[in-house]
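User: Hi! I'm new to reading protein structures. Could you walk me through this one?

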Amino acid sequence: CYYELNLFGKAIKIFNLTIKADPENAEAWLKRGICYANLNYPKHALRDFNQAEKLGNRSIELYGMRGDIEMEKKNFDKGWQDYMTCAELFPDSTDIFYKLGAAAYEQNRYKKAINFLSKAIYLDDSNYAAYCCRMCCYIDLKYYQKARRDAYKIYKLSPVVFDLLKYYGKD
């Protein structure tokens with residue numbers, strides 16, 4: 001109950017009891033790891049995610065959140081590996097392809113980013129964040145016509161986001 005209410009500190013106490021009673025409960029390790037991640041305790045979260053994986057958990061939450069933490073820690077190889085595992089296990093996940101695209105963009109791997117972001121858009125053509133990131137790739141590659149097309153799609157999907165892009169794009 002605490003977990004669903006985002007009361008992560010209280011949820012951790014419940015998961016501690018669950019894990020003490022049943023240390024082979026992969027779901028409890030995973031959910032406690034998610035609680036730690038949400039409370040910004042990455043070291044604890046990684047420990048729990050790794051234990052959940054050892055116990056057989058192969059969830060999108062495990063690979064996605066562990067990948068996020070590794071990317072934040074600048075452990076790009078580990079984060080990338082988790083994202084790729086997630087993409088292989090969940091090939092219809094728009095979110096993971098967006099994360100792969102954003103990660104590739106941050107590493108200046110624009111063409112790879114475009115491929116992943118295009119896959120995210122293919123899976124969900126209302127994902128304006130993927131359009132925004134892909135537009136940035138196109139701009140950095142000087143593919144202005146393609147960037148303009150994405151800008152137009154962003155405008156159609158969310159005029160507010162488009163206005164924010166115009167506002168923050170001014171120096």
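**A chat about the helices**

Analyst: Happy to! Let's begin with one residue: isoleucine 96 is part of helix H6, which covers residues 94–106. Keep in mind that this is a predicted model.

User: Is isoleucine 96 buried or exposed, and why?

Analyst: Isoleucine 96 is buried, because its relative accessibility is 2% and the cut-off for buried is under 20%.

User: What does isoleucine 96 touch?

Analyst: Leaving out residues up to four places away in sequence, isoleucine 96 touches Tyr83, Cys86, Ala87 and Phe90. Take cysteine 86: in sequence, isoleucine 96 and cysteine 86 are 10 residues apart, and their C-alpha atoms are 7.0 Å apart in space.

User: And lysine 99, where is that?

Analyst: Lysine 99 is in helix H6 too. Lysine 99 has a relative accessible area of 16%, so it counts as buried.

User: Which residues does lysine 99 touch?

Analyst: Gly64, Asp68 and Tyr83, again not counting residues up to four places away in sequence. Tyr83 is also touched by isoleucine 96.

User: Let's talk about helix pairs. At what angle do H6 and H8 cross?

Analyst: Roughly 30°, and their axes come within 10 Å. H8 is the helix of residues 128–140. That angle makes H6 roughly parallel to H8, since angles under 35 degrees count as roughly parallel. The crossing of H6 past H8 is left-handed.

User: Which residues make that contact between H6 and H8?

Analyst: From H6, Tyr98, Gly101, Ala102 and Tyr105 take part. H8 brings Ala129, Ala130, Cys133, Cys136, Cys137 and Asp140.

User: How about H4 and H5, at what angle do they cross?

Analyst: H4 (residues 60–72) and H5 (residues 76–89) cross at roughly 160°, with axes that come within 7 Å. H4 and H5 are therefore roughly antiparallel, as the cut-off for that is over 145 degrees. Their crossing is left-handed.

User: Which residues are in that contact between H4 and H5?

Analyst: Among them are Gly64, Gly67 and Asp68 of H4, along with Trp80, Tyr83 and Cys86 of H5.

User: New topic: H1. Which of its residues are buried?

Analyst: The buried residues of H1 are Phe8, Ala11, Ile12, Phe15 and Ile19. Around the axis they take up an arc of only 105°, so they sit on the same side of H1.

User: Why would residues spaced like that point the same way?

Analyst: An α-helix has 3.6 residues a turn, so residues three or four places apart point the same way.

User: What's on the face turned away from the buried side of H1?

Analyst: That face carries the exposed residues Lys13, Leu17, Lys20 and Ala21. As for the buried residues of H1, what covers them includes helix H2, residues 26–38.

User: What span should H1 have, and what does the model show?

Analyst: H1 has 14 residues, 8–21, and at 1.5 Å a residue they should span 20 Å. The end C-alpha atoms are 20 Å apart, which agrees.

User: Let's zoom out. How many helices and strands are there in the protein chain?

Analyst: The protein chain has 10 helices and zero strands. Its C-alpha trace spans about 60 × 30 × 30 Å along the principal axes.

User: How much of the protein chain is buried?

Analyst: Of its 171 residues, 40% are buried. As for contacts between residues at least 6 apart in sequence, 41% join residues at least 24 apart.

How values were computed:
Residues numbered from 1 in each chain as written. Predicted model: local features only at pLDDT ≥ 70, side-chain atom pairs only at ≥ 80, totals over all residues. Heavy atoms only, no water. Helix = DSSP H or I, 4+ residues; strand = E, 2+ residues; numbered from the N terminus. Expected span 1.5 Å × (residues − 1). Buried < 20%, exposed > 50% of the residue type's maximum accessible area, 1.4 Å probe, protein only. Arc of directions from axis to C-beta. Contact = heavy atoms within 4.5 Å. Axes fitted to C-alpha atoms, helices over the stretch in contact; angles between N-to-C directions. Parallel < 35°, antiparallel > 145°, perpendicular 65-115°, else oblique. Left-handed = near helix turned anticlockwise from the far one by under 90°.
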